[in-house]
Amino acid sequence: MLSTQTYKLTVQALDKKEVIELYSNSLVDLGCDCPYYAYELLLSDENDFQKLHFFSFNSEDGSLVAIMPFLIREIVVNDEKTGQKDVSSPWGYNGPYFKENTSAEVKSKFWEQVDEWYKLQHIVTEFVRFNLYNHYAEYTGETVHTLLNVRGNITNWEQFWANLKSNTRNQFRKAEKLGLSFKLVYRDIEKKHIEAFYDLYIGTMDRRDAKDFFYHKLDYFVNLWQMNKDKCAIGLVYKDGVAISTELFLLTNDTVYSFLGGTDADYFKLRPNEYLKINAIQWAGKAGFTYYNIGGGLSNSKEDNLYLYKRKYFPLDEDVDFYTGRKILDEKAYDMLVSKNEQEIPMEVSKDLANGYFPKYRG
């Protein structure tokens, strides 16, 4: 029998202190400890053309059922403002976060109200990066398997070490013999640790000719740490007192996520990356975490080189599936925007939501 209970969707811009506090408190109410929902992390996506908002979904008695951060983005094609808008999840694993044991029926009601709001606001498309908790169920658009995420159980150090291939163990031993040292800072992080991370991170972005999106200011990372001290840790590898490799980790109650990092290219031959990750895994296991999530590759393929590199740390563990959601809400506007794009995209290709960049007018 279907429930007759009613639900209310509320939409707010994350642009005032009291609203930001409400959003943060709502995460606590839902039991969401995932750092990818932290307001300070979401700020990396905000600029003059896209602004952070969030949906909250409450039952008739006022109980919070779900929350979802998102960006409303102005659509600019060929450097021209179109007057149209679309919606995207911020970067990372987020999308809707539902209260534990929320029924499929209620999740469907959430998406129905979200879609109604989109149409009232003349939103053209929606792109969602879902979290890794299977909260993509009942999505009203097309759900696309996008990446395999390498995740390993780290509760048994001896088993983890035995599962590593011999060459990976040898790379670790080589780094140790060459005098590398490892430091992991958690809760007692100081600004000097963030600065060491930042210098290596920015140097790596420069070397890779990364997109502007990845060039966050130092203050962004300082603010992220100051407001989320239980959810951030930094690993640093040193050679002769000089930091040569680093990684910023994000933490939940049971999982350590590799987030961002960097290495001085002059020291690659010393294998600092392997030394850092294996030491970090050992620390995390001793600290009581269950899983270590290294992330995925550059493509959704088991032959992807980055995926294979990450997979070598957990060759016997099951991957975690990462899904995105894609939806066209205004087909007429979508067709017009695709036609404005300098690329000539056949209509049947532009409507293929599962393959290639979405939405196509931003490709």
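The model is predicted, so local features are given only where pLDDT is at least 70 and side-chain atom pairs only at pLDDT 80 or more, while totals for chains, interfaces and linings use all residues. Residues are numbered from 1 along each chain as its sequence is written, and side-chain values use heavy atoms, with hydrogens and water left out.

In soluble globular proteins, nonpolar side chains tend to be buried together. A nonpolar core is here a set of buried Ala, Val, Leu, Ile, Met, Phe, Trp, Tyr and Cys residues joined through side-chain atoms within 4.5 Å, where buried means under 20% relative accessible area with a 1.4 Å probe, protein chains only. The largest such core has 48 residues, and among these Y23 and F221 touch the most other members. Helix 6 (residues 191–207) gives the most to this core, with seven residues; helices are DSSP runs of H or I with at least four residues, numbered from the N terminus. Leaving aside residues up to four places away in sequence, F221 is in contact (heavy atoms within 4.5 Å) with I194, F197, Y198, Y201, H216, L248 and L260.

After helix 3 comes H122, with a positive phi near 60°.

Methods. Helix = DSSP H or I, 4+ residues; strand = E, 2+ residues; numbered from the N terminus. Buried < 20%, exposed > 50% of the residue type's maximum accessible area, 1.4 Å probe, protein only.
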